[in-house]
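Here's a quick tour for anyone meeting this structure for the first time. Have a look at the sequence and the model, then read on for the ligand, the pockets and the domains.

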Amino acid sequence: MYEQISHSLLNEILEELQPNIYERRRELQHFYTRLGANFYAIHNLFELLYGQRDDFKFQMTRLVEVLVRKYMNRSRKLKDLDLAREKDHNWFLSQQWVGMALYSAGFAGNLRNMATKTAYFQELGVNLVHIMPILKCPIGKSDGGYAASDFRMIDERVGTLDDLQAIAEEFNKRDILMVLDVVVNHTSDEHEWAQKAIAGDTKYQDYYYIFENRDIPDMYEESMPEIFPESSPGNFTWNETMQKWVMTVFHDFQWDLNYSNPAVFIEMIDVILFWINQGADIIRLDAVAFLWKKMGTICQNEREAHLLLQLMKDCCQVTAPGTLFIAEAIVAPVEIIKYFGEDAIIAKECEIAYNATLMALLWDAIATQNSKLLTQGLKSLPDKLERATWLNYVRCHDDIGLGFDDNDIRAAGYEPFAHRQFLIDFFTGNYPGSFANGAPFMRNDKTGDARISGSLASLAGLEKATQSGNEQEVAIAIDKILLLHNLIMAFGGIPLLYYGDEIGTFNDYGYLNDHDKSADSRWIHRPAIDWERAELRKKQGTIEHTLFTALKKMIAIRKETTAFADFNNRHLIDTNNEHLFAFMRFDHNRPSERVLVVSNFSAEAQSLDLQTLAQEGFGNSVELTDLYSGKRPTIEEGRLIVQPFHFYWLNEY
Ligand code: GLC
């Protein structure tokens with residue numbers, strides 16, 4: 001949009017920057033076009049956030065300078081990719097993408113070895129890999145890599161920038177997308193900025209929330225929840241050297257960055273673009289709900305947090321429009337969806353968001369053997385924007401938080417507190433007859449709240465079943481693992497597998513003997529892959545083979561099924577059977593090409609009245625085929641029969 005105030009400011013800024021960039025103006029042609037198109041929005045957002053400051057114009061100029069410098073540093077190859085993706089702007093909504101998240105150290109020992117294991121991804125069909133944080137972190141105070149002490153240096157235990165370059169090239173050759181983290185909300189207390197703040201440098205003290213006494217911290221505490229109540233209660237930490245309090249929402253060694261200071265925003269844009277220029281196709285923005293702190297609130301999901309994300313997006317679109325953002329916002333269902341950006345078609349903030357709602361609901365259905373809450377919870381989930389997509393997952397490196405909406409829990413017929421307690425007990429093995437081997441994470445005695453840790457195989461009962469040697473139980477656990485995966489493959493969005501789950505990796509209890517990890521049960525499900533065991537995926541009759549080949553097949557079929565692309569082309573089906581969960585997917589270009597996805601969460605065979613489908617005009621006088629098995633489904637007396645813990649992907653052929 002052309003608007004005179006911002007446009008004349010832009011001209012002034014460009015004139016000021018001209019001597020440095022004049023001779024390269026031809027090269028900057030695309031940059032200028034994008035800056036012209038986005039500057040009105042960038043200026044507006046920057047002014048909303050920082051317009052009151054005397055140094056507003058200075059900071060605005062610095063921001064543009066970062067954008068242009070990073071553009072000048074961007075390789076030709078990546079610039080070409082930007083142009084190609086601009087033309088094919090829906091590229092990431094395709095059903096072709098299937099992801100995996102992994103710790104490179106756990107997956108392959110380090111980055112260098114990881115480069116040699118890329119064939120494994122292709123074997124399975126994975127073509128988007130989230131390499132979990134690799135940046136320098138203090139030993140023992142790393143929060144699994146989310147406490148960076150240097151935003152540009154790779155931890156020497158994991159590798160070097162050259163190793164990452166080798167992976168980027170390898171991925172590029174094999175058409176695999178690379179996802180990297182930027183931990184935008186906080187730094188380690190050993191980060192240079194924190195160290196300078198501790199040494200008394202007020203410029204860097206202004207990078208954080210630092211207070212002389214408890215007056216303001218106490219007021220904040222009145223409304224702020226605790227994120228890690230067991231290991232880091234409260235939201236502030238006393239720094240002995242500074243003799244001051246620092247805001248530390250997560251661990252006491254993770255200092256929250258103060259985004260009311262524009263210098264922080266500009267530094268972080270520089271960091272984000274640095275990793276984008278290293279070849280990251282997608283940046284995972286960590287803990288985005290926490291970016292803005294406002295007294296009297298829970299300091300999550302604030303309007304300004306959204307404005308900051310919009311600004312980050314607008315800036316990155318000028319320099320590197322081919323790169324996407326993933327929002328890691330594990331918050332209430334109605335809040336998560338806002339991280340795409342509201343009231344738009346195109347994502348204004350992050351193109352991709354973790355579907356924590358679906359994840360938690362899936363675990364509910366596994367524990368209860370019914371889909372009441374799953375169906376209810378998804379009914380309440382608003383449609384996402386057209387040009388945005390979900391990251392659908394069953395497990396990840398974090399705990400499972402039971403962040404359902406209380407109203408949905410009630411509508412499903414449960415009492416919220418009691419139901420959550422049941423789920424916690426069930427998955428931590430405290431419920432009589434439970435098959436799960438999970439561990440509680442961050443019990444909060446004040447609220448009775450807790451979250452759940454554990455690997456997929458251990459939570460789904462495979463660990464217990466294997467130990468007891470009961471083959472039938474083993475088969476059931478495998479079915480449950482596949483049942484869960486069928487839904488992340490077919491729901492709409494990018495399925496994100498978690499490394500090790502494809503071969504049924506159990507909990508790793510080793511963390512209990514490690515002083516630096518024992519207080520954080522999430523380490524139970526951050527495994528080191530046993531590659532000898534992984535070889536068993538090639539040996540028929542093994543659990544590894546059964547799981548790996550089934551997932552491989554599911555992935556291959558997903559990729560061929562255009563109805564599984566993500567264009568808001570799904571609607572839930574009322575099955576009149578609380579054990580069954582069903583939805584219809586249709587090809588958005590050819591709506592008559594439909595796939596009915598039916599999942600049975602119960603230990604008994606269940607049936608679905610085909611009349612229900614006839615009302616949808618589905619299956620009327622045509623035969624149905626299950627895309628997954630390639631067979632006709634079982635139909636008895638006009639009812640579709642779904643075996644225990646099985647699923648169908650049915651189409652009309
Ligand atoms: C994100 C990460 C989690 C980490 C937290 C604080 O939620 O996924 O592992 O503990 O941020 O950085």
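Which residues are around the ligand? In this predicted model, they are Asp143, Tyr146, His186, Phe228, Phe250, Gln254, Arg284, Asp286, Glu328, His397, Asp398 and Arg522.

**Around the ligand**

- Sorted by class, the shell around the ligand has six charged residues, along with three polar and three nonpolar ones.
- His397 brings a polar side-chain atom to 2.8 Å from an oxygen atom of the ligand.
- For Arg522, the distance from a polar side-chain atom to an oxygen atom of the ligand is 3.0 Å.
- On its own the ligand has 310 Å² of accessible area, and the protein covers 95% of that.

**The second largest pocket**

- This pocket has a volume of about 910 Å³.
- Its lining is made up of 39 residues, and the ones closest to the pocket's centre are Ser142, Gly144, Gly145, Lys517 and Trp523.
- Which helix gives the most to the lining of this pocket? That's helix H5, residues 104–108, which puts in three residues.
- By class, 17 of the lining residues are nonpolar, while eleven are polar and eleven are charged.

- Rolling a probe the size of a water molecule over the atoms shows where empty space is left.
- Here, six cavities of 30 Å³ or more turn up.
- The largest cavity has a volume of about 80 Å³.
- Lining the largest cavity are Ile131, Met132, Pro133, Ile134, Leu135, Gly145, Ala148, Leu180, Asp181, Val183 and Trp275.
- Nine of the residues lining the largest cavity are nonpolar, with one polar and one charged residue making up the rest.

**Domains**

- The protein is divided into domain 1, residues 186–256, and domain 2, residues 563–652.
- How far apart do the C-alpha centres of the two domains lie? The distance between the centres of domain 1 and domain 2 is 52 Å.

Key: Residues are numbered from 1 along each chain as its sequence is written. This is a predicted model: local features need pLDDT of at least 70, side-chain atom pairs count only at pLDDT 80 or more; totals for chains, interfaces and linings use all residues. Side-chain values use heavy atoms; hydrogens and water are left out. On a 1 Å grid over the protein atoms alone, a cavity is a set of points where a 1.4 Å probe fits but cannot get out, and a pocket is an open set with protein on both sides within 12 Å along at least five of seven lines; lining residues have an atom within 4 Å of a point. Grid points are joined across faces, edges and corners, and a volume is the space filled by probe spheres set on the points. Helices (H or I, at least four residues) and strands (E, at least two) are DSSP runs, numbered from the N terminus. Ala, Val, Leu, Ile, Met, Phe, Trp, Tyr, Cys and Pro count as nonpolar, Asp, Glu, Lys and Arg as charged, and the others, Gly among them, as polar. Domain bounds come from an automatic or database domain assignment. A residue is near a molecule or strand if one of its heavy atoms lies within 4 Å of it. A polar contact is a pair of N or O atoms within 3.5 Å; within protein, one must be able to donate a hydrogen and the other to accept it, and residues adjacent in sequence count only if both atoms are side-chain atoms. Accessible areas come from the Shrake-Rupley method with a 1.4 Å probe; for residues, only the protein chains shown count as cover.
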